[in-house]
Amino acid sequence: MNDTLKKQLPLLNGALKRYQEALASTGESARRYPDDPQRLFDHAQNVFWVGYIAYQRGQANDAANQFREYKRLADRMVELAPAKNEYRLEQVYANTNLGTVLIDQRRYRQAVPVYQASLGAAEKLAASEPNNVDYQKQVITSLAWLADAHEYSGALDQALAERERQLNLLSDLERKIPRDAEVQRDRMTTLRAKGRLLAMRGDGNAGLKELLASVAISEALFRIEPGGGSGSETDQLPV
């Protein structure tokens, strides 16, 4: 156990106790009213937080079990109320959280269909509201996670195709919001990933071109916001 986790442990334990108490209450409500999507939604929030605390404590198996339940609840919410985007967004979150744990456990092939489900839900959200920038960004982020899972599992061609699609979507989004730093950061990390994939497939010159383009964006971002511009769109569990 690292020093940071040791310091956080008392706070995590206290939070876990509170969420477990809430979980028992919302779980009973969901059991009594299994066809009420709002009650399922309320229960899902507590399921997520219990899973998230397990993840923070390094208990990956417990976290994965909670996120599987979160995913089940989200799928049922959408089944009961397919027109409500709030519930479909829960599908995106649930699948992404579960996929993150699977990636941490190096269960890359198992993560692929989970991220594909996340992408499918995000695409339906984006199609329902084409002018909703946040939904467009969800598609791009879901593609990033899926590309990572394919890359780590050795499916480089699929990963490369997903990175190329990401870049196309980012270009579309950039035309809508040209000064959005988040879009630029995502473009930077996507170019970096694409360059790595090209190099891994033996095309070093093309890979270097993409990496240099990524560096150029990083330098531009640094001039705008020193200390930023070097992160990844897939470097932490969504909350």
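E164 is found in helix α7, which spans residues 156-176, helices here being DSSP runs of H or I with at least four residues, numbered from the N terminus. The model is a predicted one, in which local features need pLDDT of at least 70 and side-chain atom pairs count only at pLDDT 80 or more, while totals for chains, interfaces and linings use all residues. Residues are numbered from 1 along each chain as its sequence is written, and side-chain values use heavy atoms, with hydrogens and water left out. With a relative accessibility of 34%, E164 counts as partly exposed, the class between buried (under 20% relative accessible area) and exposed (over 50%), as computed with a 1.4 Å probe on protein chains only. The C-alpha atoms of E164 and T190 lie 8.4 Å apart in space, although the two residues are separated by 26 positions in sequence.

A search of the whole structure returns 16 salt bridges, each defined by a side-chain nitrogen of Lys or Arg within 4 Å of a carboxyl oxygen of Asp or Glu. One of them joins the side chains of R76 and D35 at an N to O distance of 2.5 Å; this pair links distant parts of the chain, since R76 belongs to helix α3 (residues 60-80) and D35 to the loop between α1 (3-32) and α2 (37-56), 41 residues apart. R76 is partly exposed at 24% relative accessibility, whereas D35 is exposed at 52%. A salt bridge also connects D180 with K137 (3.3 Å, N to O), bringing together the loop between α7 and α8 (181-200) and helix α6 (residues 133-152) across 43 residues; K137 is buried, with a relative accessible area of 13%. In the salt bridge of R201 with D157, the closest N and O atoms are 2.8 Å apart, and the partners, 44 residues apart, lie in the loop between α8 and α9 (204-224) and in helix α7, respectively. Salt bridges also link E28, R31 and R32 in a network.

The largest nonpolar core contains 47 residues, of which F67, Y70, M77 and Y115 have the most contacts inside it; such a core is a set of buried Ala, Val, Leu, Ile, Met, Phe, Trp, Tyr and Cys residues joined through side-chain atoms within 4.5 Å. Two or more residues are given to this core by each of α1, α2, α3, α4, α5 (108-128) and α6, with α5 giving the most, ten residues. Helix α4 (residues 85-104) is mostly covered, 17 of its 20 residues being buried.

Nine aromatic pairs are counted, with rings of Phe, Tyr and Trp (its six-membered ring) taken to pair if their centres lie within 6.5 Å, and with planes under 30 degrees apart classed as stacked, over 60 as edge-to-face and the rest as tilted. The rings of Y19 and W49 have centres 5.7 Å apart and planes at 10°, so this pair is stacked, and it links helix α1 to helix α2 over a separation of 30 residues. The rings of W49 and Y52, by contrast, have centres 5.5 Å apart and planes at 85°, and are therefore edge-to-face; these two residues, three apart in helix α2, are separated by about one helical turn. Ring pairs link Y19, F48, W49, Y52, F67 and Y70 into a cluster.
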